[in-house]
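Hi there,

Here's the structure I promised to pass on.

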Amino acid sequence: MEQNKNWQSFGELNKSEAYNKEVNNEFKEELPFVEDHSGFLQSKAPRRDFLKYLGFSTAAAAVAASCEMPIKKAIPFANKPEDIVPGIADYYATTYVQDGDVVSVIAKVRDGRPIKLEGNSLSPITGGGTSARVQASVLDLYDTARLRFPTIAGKEATFEAVDKAVAAELNGAAVIVTSTITSPSTKAVIAQFLAKHPGSKHVTYDAVSFSGMLLANEASYGKRVIPSYHFEKAKAIVSLSADFLGTWLSPVEFARQYATGKKINEKNPAMSKHIHFETVASLTGSNADEKYLCRPSEIGAIAVALLSAVKGGEIAGVDAKLKAGIEAAAKALTANKGAALVVAGSNDKDVQVIVNAINDAIGANGTTINFGATVNYRQGIDSDFAALVDDMNAGKVNAILFHGANPVYTWPQADKVKSGLAKVKTTISFNGKLDETAAVCKYVLPDHHFLESWGDAEPVTGHISFIQPTIAPLFKTRAFQDSLLLWSGDATEYTNYVKNFWSAKLGGENGWNKTLQEGVINPATPVVSGASINSSAVAAALIAVNASKPSTKIELALYQKVGIGAGQGASNPWLQELPDPVTRATWDNYIIVSPAMAKTLLNIDLNNGGQADAYEVQPPKKVVKLTVEGKSIELPVLIIPGTHPQTVGIAVGYGRAESLGKAVIGTGKNAFPLACLKNGTVNFSCSDVTLTPTGETYPVALTQTHFRYDTTQGNRTEVMKELTLAEFTKNPKVILEEREEEAKPFGGLEKFEAEATIYPVYERPGIKWGMNVDLNACNGCGACVVACNAENNVAIVGKPEVLRGHEMHWLRIDKYFSGDMENPNVVFQPLMCQHCDNAPCENVCPVAATNHSSEGLNQMTYNRCIGTRYCANNCPFKVRRFNWADYTGADSFPDNQRGEVNDVVLNMNDDLTRMVLNPDVTVRSRGVIEKCSFCVQRLQAAKLDAKKESRPMVDSDIKVACQQSCPTNAISFGNANDKHSAITMVREENELRSFHVLEQLHVLPNVTYLAKVRNQSEAEGEKAEAKKA
Amino acid sequence: MHLKYESQLREPLVYGNKTYSQVTEDILRPIEAKPSRLWYIGFFIAVSLLSFGAYSVYREVTYGIGQWNLNKTIGWGWDITNFVWWVGIGHAGTLISAVLLLFRQGWRTGVNRAAEAMTIFAVMCAGQFPIFHMGRVWMAFFVMPYPNSRGPLWVNFNSPLLWDVFAISTYFTVSLLFWYSGLLPDFATVRDRAFTKLRKKLYGIAAFGWNGSTKHWQRHESLSLVLAGLSTPLVLSVHTIVSFDFATSVIPGWHTTIFPPYFVAGAIFSGFAMVQSLLIIVRKVFGLTDYITIGHIDLMNKVIVLTGSIVGIAYLTELFMGWYSQNKYEGYTFWYSRAYLFSPYGWSYWGMMACNVLSPQIFWSRKMRRNVFVTFFMSIIVNIGMWFERFVIIVTSLYRDYLPSSWSVYYSPTIWEIGFYVGTFGLFFTCFFLFAKYFPVIAVAEIKYVLKRSGESYKPEFDAIDAQPIDTFVHDQAHAH
């Protein structure tokens, strides 16, 4: 045995087995990397074990996952109705009628459910335009707060029982109180009833009446009528705080007319000039070319001065600023004699008489004002109703029937109405919901919703619009006319009554059917005529107006909101959540004050960056107590530039009875009691108002908090482009040059697409959808916003969620001020997804849930979205909306709505309310992003239709929802790759004013905007510029 | 090859008259002793916080992201702020272990174990946020590129958020492996000293059959180097990629090319601050002041003042560019939304400036660097500052971006948003308490490795070498085995 030289252990010495094993791991010579080839498959756990575990875990997961899911049954038709094809929409011409408002519409009916209203383009009055309220009215049909059966003293009854009881009581004179009735057949029915019950009378009551104007016209022209107006013929428009684009008389009609004068032909730019005298910032004032601020009590003096000025006389009785305005107005009016128009929002007869005289002096009578076709929108005379209230209180009224009218809520002295009604033996309400008046009536016989009704309307003399039902009545309701017919002993059903009424006039049943299909009858040749004016009325009016001196104290102007009106929209969640165009607030009313008053009253200076920030970023606003004539109201204050410094505004229509639905609960306060009766008419302004801050705050849900694009670090002209007509005529390329300047660092406009990126430019053949918005035509009314709600099942989130910036609107209307903060220029900018060709949202989504279609759409794949919100962050336009909670009930998590979303949202998920959903559009669930799709369901349908007919698709096949609803045709849409499409034409014709928002980012939007041009003289434009600087 | 000699001028890395066995005794004492009352209290608090966090997350998953106060304009708030903050903290560990290993910095041995553990826990915490910030977290697997039955449907490789998924998961995996491989010899030591069968068994499993053979050591060394090599680029890449979430976007205040280096510096800055906070407590509570010495604290404070200043330069550069670019949108974000003290979030910017740029300058003073209390206080301040940095970047950029119409109302978190953040502290400390109880908080083997060269009691042995003539010294070192 060879001896080792040295050994360290006996193991080594003896070369024991253990030692040899150990020494293998202690290599001394080299470092061999021994690979162990015994692989996985040779391991101890054999394949069978693996399969066993796999099988067990799969089974376990399956058991765990198979929790019980609710089963929802869809039942097919046993006998399919002939006209209903599942998945195919039917369209019926009908008419939106609410109180005196009339808009001809086409109802889209899917599987027997009306789900959307589109304007009827056969009506020359509206030309297919609608308003936010028209768009929202379809939701009222499915309102869970609608009355579902007739009641006697609050208890459910049958119609037979009610008829019997009423027949027993209705022996003698009765009074029918209705809001304005435009229906000729209904008027005939009422006449029949009145004849049957001698001594009865019909009182028309409008919450916000035009009695002043009706009486003035009677005094001036001998006719108690309202003429039709033709803003489209007017080159000069002066409005004495008449909100004719928002709430005055027939805004859809006027908006359309007004836009014709505002659209520009770039080759020969000319536009109407609108001078507005504004008390509290309004939609119309915001659109004016020039705006002068005045107190409500100064309107009379302004009218007098304007009358004097247009006749070449002196201007007296007004301050220097207003004098300048009146001079400008008179200049514009006299320069455009025969194509000029003055309107006044005042309900004071004397003021309206003077306005009539002005219109006569400027040749409006018979040109822009047409007595040949009078309008029937408002027929109520306040003094008639005031007399009725007195009669009731005197116990002179035996029976009273209400339809549409709701004086217990809207009459300034509602208590008197209530006490009077207590003395009336028989009180009957036909209102469809348990409103404030119906609540105190003994008998309630709910009427149908207009989408369930037959009927007719004559908005303008000679223009008839028909109402046909689009769904069988959902509840035990009965037409108001049916009741009246029955009670006057006529067994004819109103359905047949209307048919007979018109068949006779239209040449039998065929004529009737055809007319019903079209929905409207228009006069063959429109008559335009004036009326001879009685000048002695003017003298009397002048004396009366001059006698009332303008106040020097703070004044209050009550106004209606575009969505809510006189309260008709208050129970509609779509309208409550529609941001008011002027304030961008939802779900509340408030006191509007000017920045100047905010400074003195609340110590908030909007010109102080820190204070302005603090005011803007905190939703709780300071609450102020407003007192007038012993009545007071406490409301939060919003600072809205463009309001007279000594005038505050409050919207009526809020603070309604809780029985009207979840949407009215906790929303605002009733301001009608602040109005007063003056000279027999209801006056919606008061002087001598006291304001005292209460020290409390109240959160107001604003969807926009900052209104200036001019920042301390530069004017963001890439966001918005506006200019004066003078600037535009002087240099038509001014916008183009501005864009060129902005694109200069990236190779100029022409090479911008290729040079401003490191990526190659892609061809975009085939269809390329594009949209254009004319900012000159858009007046910010919000019809498109509600239309988008209806078309795309956009969820309502309720006030608490809007407060947190969680509103879901796919389309919003941004509002910007420029110039002087006390009296700024205002511009509205509808903003929806811009469908960028180089969309920044697309490349950041980790799962490619948002991507680009071959037709240029930026599309959103809801079921792929995991909700990282990265796309929303990276969207420069901030149009992407996230489902923060389960707003729609579409979530698979049970019981996660209650307590998290409010009752309004829960109510929107009620089975009844959900009938309004558009089945073509996915209802989004919690946790996903959504946004404007360019109404892709409509695009697909149009392409399919064209395909079925083996023809290329053309522009006229498609109207996206916002475009369809727009009363001013501000939105164009179509295939931008088609040389003959409307969108291409519009873009070519308006090349000089086109711009993309944030063009310099090279996101390549597919929406173009046409710069806003204001008809201001250059001097005024410069003045604004100087103020900006 | 390490020198056997270390200059006398260098501070010892291990104080006291330590032998190998004493090192083992000192470091393993907390593992082998019963946990103190303090440990139980701390652990209980950590678990409570974790539970509250879990409930907050439960609410968010069940009821939706609406449980937080984010809105249409501010899509990310506390969630991603916390994510970036935790990821940043997770940078020091790997830097200490990997980069310092490659640079042969002996001082890392005292702190690397705890720093790496901190990294892993911090990355675990960070990961919660991008996962649970999703609106539909149950669909989170969509971010994995796996073959599926949905047609050729893949993840979007263009998305920085997807890069995050890869970057973070890679970083976590490599850090975990690195940490664990370093733990093997120490687990073996614990196993060999085990006093119960169960202990022996469990630590035996954990040690992967380590028997201290040269072969094991040789492989261990190689593996460490390989993992160090892998980790080093990760230290730079992870936060670079996190910064891409912002830098590749179009939002003013995010769209900034300076972000990658600035984020990495910031990450190291906050990471070292967190290491300081934790180790100052650990060395005191576990009596390890001889191993985690004031010298370590001094060195780490130097890193803090360096990276803090780099971050400061980055802030100033951003401000300068905000002006120099003459871009009104950037100008607004940097000069109004951030730098203007009286703008709604101006306080957060100046809070960040004070915490991150001004306060660390105190560490230019050696006296301050070596003051434990100052260091502890500053480490907290720095981490607050770095939280503000991320908040400033995310919220002040988003809340007022391009269109003034969409400018947001004031954003402040809900209780559940705060709860989620607090919950990750719970997670972090729960893990850290368990780590401190069951794992050697200092790398025993690695301390032994430097003990005879840098230990205080061994230093005098170098006196003889110091006295040698140069030639002898060179000759001796060259033949050192």
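Before going on, some ground rules. This is a predicted model, in which local features need pLDDT of at least 70 and side-chain atom pairs count only at pLDDT 80 or more, while totals for chains, interfaces and linings use all residues. Residues are numbered from 1 along each chain as its sequence is written, and chains are lettered from A and ligands numbered from 1 in the order in which they are written.

Back to helix H5 of chain B, residues 108-132. Helices (H or I, at least four residues) and strands (E, at least two) are DSSP runs, numbered from the N terminus.

Now for the strands of chain A. Seven of them form an open sheet with mixed pairing, in the order E28-E20-E25-E22-E24-E23-E29 (two strands pair if DSSP finds at least two bridges between them). E28 and E29 stand at the edges with a single partner strand each, so one side of each has no neighbour in the sheet. Further in, E20 and E25 pair in the parallel sense over five bridges, and A:Leu558 has A:Ile650 as its bridge partner.

Strand E15 of chain A is covered on both faces: A:Thr426 and A:Ile428 are buried on one side, A:Thr427 and A:Ser429 on the other. E15(A) pairs in the parallel sense with E14 over four bridges and with E16 over two.

How about confidence? The mean pLDDT of chain A is 88, and 95% of its residues reach 70 or more (pLDDT is the predictor's confidence in each residue, from 0 to 100). Over residues 31-36 of chain A, though, the pLDDT is below 50. Where pLDDT is low, the predicted coordinates should not be read in detail.

Cheers!

Definitions and conventions: A residue is buried if 20 or more other C-beta atoms lie within 10 Å of its own, exposed if 12 or fewer, and partly exposed in between; C-beta atoms are placed from the backbone. The expected span of a helix is 1.5 Å times one less than its number of residues. Two residues are in contact if their C-beta atoms, placed from the backbone, lie within 7 Å.
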